[in-house]
Amino acid sequence: MASQAEQTSFLFAHNAAFIADLYSRFKKDPSSVDSSWAAFFGTLGQDARDALDDLGAPSWAKKTAPVSLDGYGDALMAEVTPPAAKPDRQTKPNGAAVAEPADVEQLRRATLDSIQALMLIRAYRIRGHFKANLDPLGLMPHHDHPELDPRNYGFGPEDWDRPIFINNVLGFETATLRQIMQRLEETYCGTIAVEYMHIQDPAQKLWIQERIESVHNRTDFTERGRRAIYERLAAAESFEKFLHLKYTGTKRFGLDGGEALVPALEQIMKRGGQLGLKEIVLGMAHRGRLNVLANVLGKPFAAIFSEFQGNPANPDEVQGSGDVKYHLGTSADRDFDGNVVHLSLTANPSHLECVNPVVIGKVRAKQMQLQDTEREMVLPLLIHGDAAFAGQGVVGETLMLSELKGYRVGGTIHFVINNQIGFTTAPSYSRSGPYPTDVAKMIQAPIFHVNGDDPEAVVHACRIAVEFRQQFKKDVVVDMFCYRRFGHNEGDEPGFTQPLMYKRIASHPTTREIYARRLVEDGVMTEAEAEAVMQEFLSHLEQEFEAASSYKPNKADWLGGAWSGLSIAKGDERRGTTAVSAEFLKEVGLALTKVPENFNLNPKIARQLKAKEKAIIEGKGIDWATAEALAFGTLVAEGVPVRLSGQDSGRGTFSQRHSVLIDQETEERYVPLNHVRPGQAVYEVHDSPLSEFAVLGFEYGFSLAEPRALTIWEAQFGDFANGAQVIIDQFISSGEAKWLRMSGLVMLLPHGYEGQGPEHSSARLERYLTMSGEDNWQVIYPTTPANYFHALRRQIHRDFRKPLIVMTPKSLLRLKDAQSDIDMFVNGSSFHRVLYEDGRDKPDESVRRVVLCSGKVYYDLKKERDERGIKDIVLVRLEQLYPFPRKALGEELVKYPNADVVWCQEEPENMGAWFFVDRKIEALLAEIGHKCKRPAYAGRKEAAAPATGLLRRHNQEQAKLIDEALTIA
Ligand SMILES: Cc1ncc(C[n+]2csc(CCOP(=O)(O)OP(=O)(O)O)c2C)c(N)n1
């Protein structure tokens with residue numbers, strides 16, 4: 001005879017659909033169910049209600065057709081045998097609500113019983129990771145979370161062996177508490193723990209649940225697969241051991257303790273290749289980088305040893321500063337059973353995590369090149385340190401890009417080498433949360449925590465990660481708990497600060513040793529075989545070491561792939577051919593003023609378009625924004641994609657650009673630049689999120705991968721670029737010198753003193769000039785729309801690429817004087833680095849003063865000089881400050897042998913271009929034998945803040961500096 005408990009369970013099983021239906025009605029309208037049931041449901045807390053939801057919710061085990069596990073077991077680098085047969089899937093009572101049973105009270109008791117079990121299961125899904133076995137050193141405090149204690153759900157010792165109906169959750173229709181607990185512990189508290197219940201998308205959540213619960217989060221690898229894992233571990237360990245032996249105490253930021261990274265990456269590549277990946281762009285910091293270069297990307301061991309011996313990574317004739325060996329990048333093709341995956345590791349500077357957005361930007365460009373609209377062919381793979389991932393703000397900024405239209409790349413795989421220490425700092429000092437990965441929850445990424453001493457678990461988690469990414473095109477995180485066997489670098493003594501941890505590490509066997517023991521115990525290999533694999537690697541390394549002394553890098557690794565055909569910058573003028581024909585300019589210009597019929601244009605915009613049309617037809621008075629649109633339009637018409645991103649860039653901060661027109665009735669968007677001519681390239685403009693660091697990094701990355709597009713980042717106001725200073729200093733200004741990586745990125749930085757206060761006046765021109773050297777980039781402060789037009793086109797119409805820093809105007813956007821006529825755009829016109837005044841009617845000898853200046857102040861000077869009727873002062877504009885146009889400026893200055901020379905700027909004396917041009921002009925005057933020896937200075941006096949916040953003071957200062965430029969002796 002069935003026991004009371006069995007009857008209860010049976011009773012509930014047969015009425016589950018009834019309860020689910022009743023509850024769903026109650027949720028919609030409590031008065032729609034019988035008042036006694038309403039009272040029953042009303043007493044349930046939120047957790048119980050969530051559990052009750054599980055009754056009606058879809059679950060992998062409840063689906064009628066089994067979820068496909070296609071390809072699950074086959075062809076893993078470490079192959080797996082098919083998962084254990086799925087638990088019996090009995091058809092649950094479903095369909096229409098069953099009639100209310102007679103014994104309602106008993107049914108309610110049974111319902112509560114099930115609810116309690118489901119609450120417990122739910123708690124494990126949410127919090128099971130706290131109890132998981134993650135720390136190889138066993139130092140992490142073990143959490144027995146109260147929510148994981150069955151007693152807290154009303155279960156006593158007598159309840160462990162009676163059946164409870166749980167409606168196919170966990171694959172059991174009915175199970176005892178003992179069975180449930182065992183299943184929960186092995187699934188959620190083993191060496192893989194998962195955080196996924198924060199994901200709101202039911203399909204994603206269910207997918208993960210299925211992957212974990214259907215195989216109890218374990219996977220059975222084949223012997224061949226296990227041997228392969230062992231071999232990769234041996235490769236990783238032997239490499240570090242060898243370096244330790246040969247270069248004791250030399251910095252290498254070893255992977256020792258985190259060797260499972262190597263088979264893990266291998267798995268992502270192999271499984272990714274099966275799922276359509278053609279290319280993986282990696283970004284990683286110092287830790288284990290040499291190991292990844294050698295053992296994953298196949299950089300020759302001899303090359304690495306040669307670098308350890310102090311030899312350069314590139315042939316001697318290659319210029320530049322070079323970089324330390326653990327910052328260098330490389331690329332390689334790897335073939336996994338016929339799936340070729342191209343791998344590239346992006347060079348990165350010391351500044352942790354700043355490479356993240358750069359990698360993402362590169363991936364986006366590569367996806368564009370491959371027309372990978374599904375974003376399944378190119379994957380970003382970022383490898384992080386635990387302290388850095390938790391601490392650096394750019395991590396959050398980059399994650400935030402992940403779902404944005406203009407920046408998404410279909411998900412990044414993040415792998416955290418969580419060695420539970422950052423330099424000398426323990427986690428309790430370096431993050432406010434249990435895991436370094438909590439930041440990834442902001443984008444609802446699933447997070448797998450895994451014990452690095454269980455390499456099979458690490459490989460398995462990575463397999464799920466890449467499958468999830470390919471399936472859902474979303475970020476996913478693998479957090480590998482491990483340890484750092486030596487100090488932060490190999491010259492450090494970790495015992496000073498972590499004596500207990502390091503005592504534990506000293507007696508802790510390596511991951512490979514532990515795994516070898518496991519394989520020996522399981523009869524997969526003998527001890528001797530395991531040892532032989534290790535010896536084989538070591539003797540190979542010995543041979544490579546011998547070869548290192550004669551190793552010569554034969555070819556600098558640049559200008560390959562998308563860069564082939566481009567070359568290294570040379571020559572002085574570097575104008576390029578940037579002019580267009582008048583017909584072409586008009587064709588483009590007129591296309592920019594058209595909108596589709598029935599498009600409800602804003603009336604003000606309609607008037608502006610009319611004015612533009614007139615300017616283009618007459619060829620007169622082309623303003624800044626129109627010149628920019630003409631540059632973009634001619635480029636896209638020529639087949640050159642243009643990508644512009646920045647805050648509010650579509651409209652333009654100063655309401656000047658309007659490159660996206662908005663229908664006033666429907667908010668439909670129309671981008672005239674994408675309707676210039678058939679077959680044209682794409683113009684993309686993206687209003688960026690309110691981030692500078694990640695967005696600039698992204699655009700820089702895009703420009704690295706796509707030299708044949710014009711890539712532009714725009715700051716809202718120039719000095720907001722401060723927030724992206726790391727990208728400017730570490731990549732844009734020095735990437736070519738350090739890593740032989742060119743970029744044609746344009747940075748548009750609104751600059752100019754119009755009385756808008758300390759932050760909205762200066763783009764900090766001085767910083768860019770301080771960083772100018774070794775022909776690293778171009779810094780311009782143009783004063784005419786035509787010059788801007790040519791400067792933009794010049795970025796593409798030359799055979800080299802250099803970043804372009806542009807001080808862009810604000811007030812000049814609407815200044816009549818600052819307009820250009822069509823002849824400045826056409827027929828052999830070009831960018832001018834120096835602009836002088838035409839049409840003077842007095843001889844040059846009569847000129848008493850040359851006022852040199854750059855940018856907006858020119859118009860203030862001109863106005864004042866002309867109003868005063870001064871005829872013997874000329875104004876010469878330096879439109880390009882770097883590379884300094886010495887020759888062109890010299891040619892101007894020799895014309896005025898009787899003049900003195902004044903440098904005029906709006907910025908304070910300790911800012912702007914003065915300190916930069918001062919000595920250069922002095923040297924130039926000496927070189928041309930000018931009578932004037934040094935330029936005099938007219939500008940704001942030295943200051944701490946770039947500008948005053950008081951308009952009246954601004955006006956006084958501005959009038960004074962203009963006056964001084966014209967009058968000082
Ligand atoms: C932005 C930045 N700040 C500080 C440093 C100096 N630094 C280099 S490594 C390191 C600790 C990194 O710890 P973690 O991210 O856990 O990586 P691990 O070295 O442990 O692998 C620090 C503070 C740096 N490189 N970059």
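## Overall picture

What share of the contacts in the protein with a separation of 6 or more is accounted for by residues 24 or more positions apart? In this predicted model, such pairs make up 80% of those contacts. The protein contains 31 helices and 24 strands, and its C-alpha atoms fill a box of roughly 120 × 80 × 50 Å when the box is taken along the principal axes.

Of the 969 residues in the protein, 60% are buried. The accessible surface comes to about 38000 Å², and carbon and sulfur atoms hold 51% of that area.

## Confidence in the model

The average pLDDT of the protein is 91, and 92% of the residues score at least 70. Where pLDDT is low, the predicted coordinates should not be read in detail.

## Around the ligand

The shell around the ligand consists of 15 residues, among which H286, R287, D386, A388 and I421 come nearest. Sorted by class, this shell has 5 nonpolar, 8 polar and 2 charged residues. Helix α13, which covers residues 386-391, gives the most to the shell, with 3 residues.

A backbone N or O atom of L352 lies 3.1 Å from a ligand nitrogen atom, while a polar backbone atom of A387 is 2.9 Å from an oxygen atom of the ligand. In N419 the side chain takes this part, with one of its polar atoms 3.0 Å from a ligand oxygen atom. Taken alone, the ligand exposes 580 Å², and the protein buries 76% of that area.

## Helix α14 and its cover

Helix α14 spans residues 393-400, and its buried residues are V394, V395, G396, T398 and L399. An α-helix has 3.6 residues a turn, so residues three or four places apart point the same way. With that in mind, the reader can look along α14 at V394 and T398, or at V395 and L399, which are among its buried residues. The elements that cover the buried residues of α14 include α12 (355-369), α13, β8 (413-418) and α23 (693-705).

## A buried threonine in a loop

T593 sits in the loop that runs between α20 (582-591) and α21 (603-618). Is T593 buried or exposed? T593 counts as buried because its relative accessibility is 10%, and the cut-off for buried is under 20%.

A polar atom of the T593 side chain lies 2.8 Å from the backbone oxygen of L590. Beyond its neighbours within four places in sequence, T593 is in contact with L609, K612 and E613.

P883 belongs to the loop between β22 (880-882) and α29 (886-893).

Notes: Residues are numbered from 1 along each chain as its sequence is written. Side-chain values use heavy atoms; hydrogens and water are left out. A residue is near a molecule or strand if one of its heavy atoms lies within 4 Å of it. A polar contact is a pair of N or O atoms within 3.5 Å; within protein, one must be able to donate a hydrogen and the other to accept it, and residues adjacent in sequence count only if both atoms are side-chain atoms. Accessible areas come from the Shrake-Rupley method with a 1.4 Å probe; for residues, only the protein chains shown count as cover. Helices (H or I, at least four residues) and strands (E, at least two) are DSSP runs, numbered from the N terminus. Ala, Val, Leu, Ile, Met, Phe, Trp, Tyr, Cys and Pro count as nonpolar, Asp, Glu, Lys and Arg as charged, and the others, Gly among them, as polar. pLDDT is the predictor's confidence in each residue, from 0 to 100. Buried means under 20% relative accessible area, exposed over 50%, partly exposed in between (1.4 Å probe, protein chains only). Contact means heavy atoms within 4.5 Å.
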